[in-house]
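Here are my notes for a colleague who is meeting this structure for the first time. Please read them with the model open beside you.

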Amino acid sequence: MDDLKAKYLSQIAEASDEAVLEDIRLAAVGKKGEVSLKMRELGRMTAEERQVAGPALNALKAEINSALAAKKAGLADAALDARLRSEWLDVTLPTRPDRHGTIHPISQVTEEVTAIFADMGFSVAEGPRIDTDWYNFDALNIPGHHPARAEMDTFYMHRAEGDDRPPHVLRTHTSPVQIRSMEATGAPMRIICPGGVYRADYDQTHTPMFHQVEGLAIGKDISMANLKWVLEEFVKSYFEVDGVDLRFRASHFPFTEPSAEVDIRCSWEGGTLKVGEGDDWLEILGSGMVHPKVLLAGGIDPEQWQGFAFGMGIDRIAMLKYGIPDLRAFFDSDLRWLRHYGFAALDVPTLHGGLSR
Ligand code: PHE
């Protein structure tokens with residue numbers, strides 16, 4: 001009995017898991033275990049022998065059972081400890097930005113532009129991308145015969161057979177929102193309107209769908225000087241530099257008088273586009289003083305009010321700021337391009353937090 005006790009207690013002490021422990025239990029105190037078989041022999045003993053062996057066997061069985069139970073509890077604790085150690089997690093670590101989805105440069109730049117103009121008191125207005133030719137052309141002093149209609153390579157929508165109303169167009173610029181905003185709020189006003197526009201054109205710097213941001217400020221004495229200051233302030237904030245060379249070139253738009261196109265100094269050396277240096281100029285916007293006929297079309301009295309307007313290419317200024325050489329890549333949806341040029345979702349541009357950091 002002492003041998004049995006020594007054998008099983010040491011096996012139990014060494015058992016490495018619950019399966020091994022169960023095997024030991026069966027071998028010792030299971031129905032056909034060694035201790036159980038010994039108990040069956042009690043029947044063949046004399047009464048005196050039984051009086052000694054009986055209690056001793058019972059004590060042995062009890063001792064093995066309690067050793068099994070203690071070991072089992074110990075193994076369960078060890079298993080829990082191991083699991084807690086392997087599933088350890090530091091909840092105080094900062095989150096990692098998820099790089100699977102990124103903000104497209106167009107969206108990022110739209111937010112940047114909005115933050116800068118909001119700081120100068122402009123609010124955001126919107127209009128439909130499919131518009132009537134009245135809003136897109138006539139109200140902007142571009143009558144039916146005007147060459148600007150042809151120059152803009154307009155996409156016309158189909159009308160049903162027998163419907164002779166003028167066709168809708170995919171807006172060729174954001175300028176129709178000038179008229180819609182004048183109608184909606186009247187003067188004085190200060191708005192920008194970012195959004196997609198369409199023209200049939202395709203090369204390294206032109207795509208059939210691209211983005212503009214319209215600006216419009218109307219007041220009693222708003223002048224060309226205000227336009228120039230606002231644009232210079234914008235360009236400095238946007239490119240995050242103290243000064244950038246701008247070139248105001250006299251130009252012509254039917255909806256502004258006088259008109260100017262604005263170019264920004266840049267270089268294309270070695271195929272990379274750099275802003276603020278070199279001898280090249282990239283046109284980024286058209287602008288001017290709102291034509292009296294346009295104010296009239298929007299229901300504003302040109303004898304009382306005047307203002308400036310501009311239309312800037314969002315994609316153009318995104319290319320310039322972030323060194324993106326080919327406009328067409330913006331709309332290819334190439335994941336490698338999007339991961340390279342995209343922005344982390346939590347980097348919302350603000351003037352106080354930094355535009356592009
Ligand atoms: N709508 C013009 C364009 O698309 C830009 C512009 C807007 C020019 C406002 C003057 C004033 O080219």
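1. Helices H1 and H4 are roughly parallel to each other, and in this predicted model helix H1, which covers residues 2-14, packs against H4 at an angle of about 5°, with the two axes 10 Å apart. On the H1 side the contact is made by Leu 4, Lys 5, Tyr 8, Leu 9, Ile 12 and Ala 13, and on the H4 side by Leu 60, Glu 63, Ile 64, Ala 67, Leu 68 and Lys 71. Sorted by class, the residues of this contact are 9 nonpolar and 3 charged, with no polar ones.

2. Helix H4, residues 47-86, also meets helix H2, residues 18-29, and here the axes come within 10 Å and cross at roughly 175°, which makes H2 roughly antiparallel to H4. From H2 the residues involved are Glu 18, Leu 21, Arg 25, Ala 28 and Val 29, and they meet Lys 61, Ile 64, Asn 65, Leu 68, Lys 71, Lys 72, Leu 75 and Ala 76 in H4. This contact of H2 with H4 contains 7 nonpolar, 1 polar and 5 charged residues. Ile 64, Leu 68 and Lys 71 of H4 are named in the contact with H1 and are also among the residues that meet H2.

3. How do the axes of H5 and H11 cross? Helix H5, residues 105-119, and H11 have axes that come within 10 Å and cross at roughly 100°, so that H5 is roughly perpendicular to H11. Ile 106, Val 109, Thr 110, Glu 112 and Val 113 of H5 make this contact with Ile 314, Asp 315, Ile 317, Ala 318, Lys 321 and Tyr 322 of H11. By class, the contact of H5 with H11 has 7 nonpolar, 1 polar and 3 charged residues.

4. Helix H11, residues 314-322, is also one of the elements that supply at least two residues each to the lining of the largest pocket, together with helix H7 (147-151) and strands E5 (209-219), E6 (246-253), E7 (256-267), E9 (280-290) and E10 (306-313). The largest share of that lining, 5 residues, comes from E9. The pocket holds about 780 Å³ of space, and among the 35 residues that line it, Arg 199, Gln 212, Phe 253, Glu 261 and Glu 283 lie nearest its centre. The lining divides into 11 nonpolar, 15 polar and 9 charged residues.

5. Two cis peptide bonds deserve a look in the backbone. One joins Ala 187 and Pro 188, with omega at about -5°, and Pro 188 is placed in the loop between helix H8 (176-185) and strand E4 (189-198). Another joins Glu 257 and Pro 258, where omega is about -5°, but Pro 258 lies in strand E7, an element that contributes to the pocket lining.

6. Positive phi values in residues other than glycine are a further point to inspect. Asn 141 has a phi near 65° and sits in the loop between helix H6 (133-136) and H7, while Ser 333 has a positive phi of about 55° and lies in the loop between H11 and helix H12 (335-341).

7. Finally, a search of the whole structure finds 12 aromatic pairs. In one of them, Phe 234 and Tyr 238 are stacked, at 5.6 Å centre to centre and with 15° between the planes. Both residues belong to helix H9, residues 224-239, where they are 4 residues apart, about one turn of the helix.

Definitions and conventions
Residues numbered from 1 in each chain as written. Predicted model: local features only at pLDDT ≥ 70, side-chain atom pairs only at ≥ 80, totals over all residues. Heavy atoms only, no water. 1 Å grid on protein atoms, 1.4 Å probe; cavity = no way out; pocket = protein on both sides within 12 Å on 5 of 7 lines; lining within 4 Å. Points joined across faces, edges and corners; volume = space filled by probe spheres on them. Nonpolar A, V, L, I, M, F, W, Y, C, P; charged D, E, K, R; others polar. Axes fitted to C-alpha atoms, helices over the stretch in contact; angles between N-to-C directions. Parallel < 35°, antiparallel > 145°, perpendicular 65-115°, else oblique. Contact = heavy atoms within 4.5 Å. Phe/Tyr/Trp six-rings, centres within 6.5 Å; stacked < 30°, edge-to-face > 60°.
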